[in-house]
Amino acid sequence: MATLIDGKVIADSIRSEISSELRQIMQDRAGAPRPGLAVIIVGSRKDSQTYVRLKQKAAEECGFISTVIELPETSTTEEVVTKVQQLNASAAIHGMIVQLPLPSHVNEAHVLEQISPSKDVDGLHPTNVGLLHTRGKAPFFVPCTPLGIMELLKRSNVVVSGKRAVVIGRSNIVGLPVAQLLLQANATVTICHSKTVRIEDVVREAEIVIAACGQRELIRGSWLRPGAAVIDVGTNAVTDDTKKAGYRLVGDVHFDEAKAVASCITPVPGGVGPMTIAMLLNNTMTGYKRSLGLM
Ligand code: NAP
């Protein structure tokens, strides 16, 4: 039976480590500002509003100053860019994110390109992406979910070096960067996607499986090599009238089958999700420490 990798417990300890480090900095440096995280949200999508609220609450609990800029659904690309540029110029802001998705009439790629790479705590600016994928270079920031996955593996004592890792999904936000981080940690990495043929045979080779395809319970227990470490990134909403929200979240891995075969596994929810927010705080703290010359 697999050990459960409790992302909430691990994320909570990272958050308290960040809080204590901040308290120490504030004690050592009288008059130092607090870390500033800004989130731009355009429109009124309920799910985006929930994510932004969670990020704001987490930042404030850590002792950060959190600024949320709400722009109307009708905002133009230029209006969003103007806000981004104001935040680029503000010394009080150490990290900035634009909550995605943006309304379809806003040029998302153009907006993301306007964020200063040194404040791009989501790690999505082409400069940061390019640096991540260049040997011998380091980006200002690595995207939060992939960084959280690596931290989960590290804190669960999963050895990555020399292991066969399979990543299912090749998105800019999860699949590609996590594959790159696994490669940098000396795993031998295979990336699967929707056109992969006999995907179960590829997954069966893996000692580490990262499931990030957004397909409810696609990865079955029979696909897994016994003893594999399984990180389930998927968050698929399934109607559930017994829940107050009317739905529950299910992963990309068939949890009940997989836990009988894997050596360790993350649950959904409570696995990768809490780590994404913890890594956003970690990245903002990094930007803050750089601004104080502490890194
Ligand atoms: P995405 O942009 O939709 O990408 C999905 C990837 O999965 C694509 O590369 C796609 O292949 C691949 N795929 C789709 N169906 C497949 C199949 N049947 N077999 C193999 N590969 C398949 O998704 P994403 O943004 O990376 O997110 C993935 C999942 O993680 C979603 O459930 C999302 O909600 C969740 N997520 C969670 C967090 C968190 O903090 N917990 C953060 C981000 C994302 P193609 O490239 O060929 O289309």
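Visitor: Is H125 buried or exposed, and what is its relative accessible area?

Guide: The model is a predicted one, in which local features need pLDDT of at least 70 and side-chain atom pairs count only at pLDDT 80 or more, whereas totals for chains, interfaces and linings use all residues. Residues are numbered from 1 along each chain as its sequence is written, and side-chain values rest on heavy atoms, with hydrogens and water left out.

H125 counts as buried because its relative accessible area is 9%. Buried means under 20% relative accessible area, exposed means over 50%, and partly exposed is anything in between, with a 1.4 Å probe and protein chains only. The position of H125 is in the loop between α4 (108–114) and α5 (126–132). Helices are DSSP runs of H or I with at least four residues, strands are runs of E with at least two, and both are numbered from the N terminus. When residues up to four places away in sequence are set aside, H125 touches L112, E113, I115, P117 and D120; contact here means heavy atoms within 4.5 Å.

Q180, in helix α7, is buried because its relative accessibility is 14%. With residues up to four places away in sequence not counted, the residues that Q180 touches are L132 and H133. A polar atom of the Q180 side chain lies 3.4 Å from the backbone oxygen of L132. A polar contact is a pair of N or O atoms within 3.5 Å; within protein, one must be able to donate a hydrogen and the other to accept it, and residues adjacent in sequence count only if both atoms are side-chain atoms. A212, in the loop between β7 and β8, has a relative accessible area of 15% and is therefore buried. Under the rule that leaves out residues up to four places away in sequence, A212 touches I168, G169, V174, V233 and D252.

Helix α6 (residues 144–155) has twelve residues and spans 16 Å from first to last C-alpha, close to the expected 16 Å; the expectation is 1.5 Å times one less than the number of residues. Ten of the twelve residues of α6 are buried, and the helix is thus mostly covered. Among these buried residues are C144, P146, I149, M150 and E151. The buried residues of α6 pack against α1 (7–28), α7 (175–184), β7 (208–211), β8 (229–232) and α10 (272–291). After α6 comes N157, with a positive phi near 60°. N157, which is not a glycine, belongs to the loop between α6 and β5 (164–168), and it is exposed because its relative accessible area is 70%.

Another residue with positive phi that is not a glycine is E217, at about 50°. E217 sits in the loop between β7 and β8 and counts as partly exposed because its relative accessibility is 26%. R23, by contrast, belongs to helix α1 and counts as exposed because its relative accessibility is 55%.

Cis peptide bonds occur in two loops. L100 and P101 are joined by one, with omega about 0°, and P101 is in the loop between β4 (95–98) and α4. The bond from V268 to P269 is also cis, with omega near 0°; P269 is in the loop between β11 (264–265) and α10.

Oxygen atoms of the ligand lie 2.6 Å from a polar side-chain atom of S194 and 2.7 Å from one of T235. For T276, an N or O atom of the side chain is 2.7 Å from an oxygen atom of the ligand. Taken alone, the ligand exposes 930 Å², and the protein buries 68% of that, with areas from the Shrake-Rupley method and a 1.4 Å probe; for residues, only the protein chains shown count as cover.
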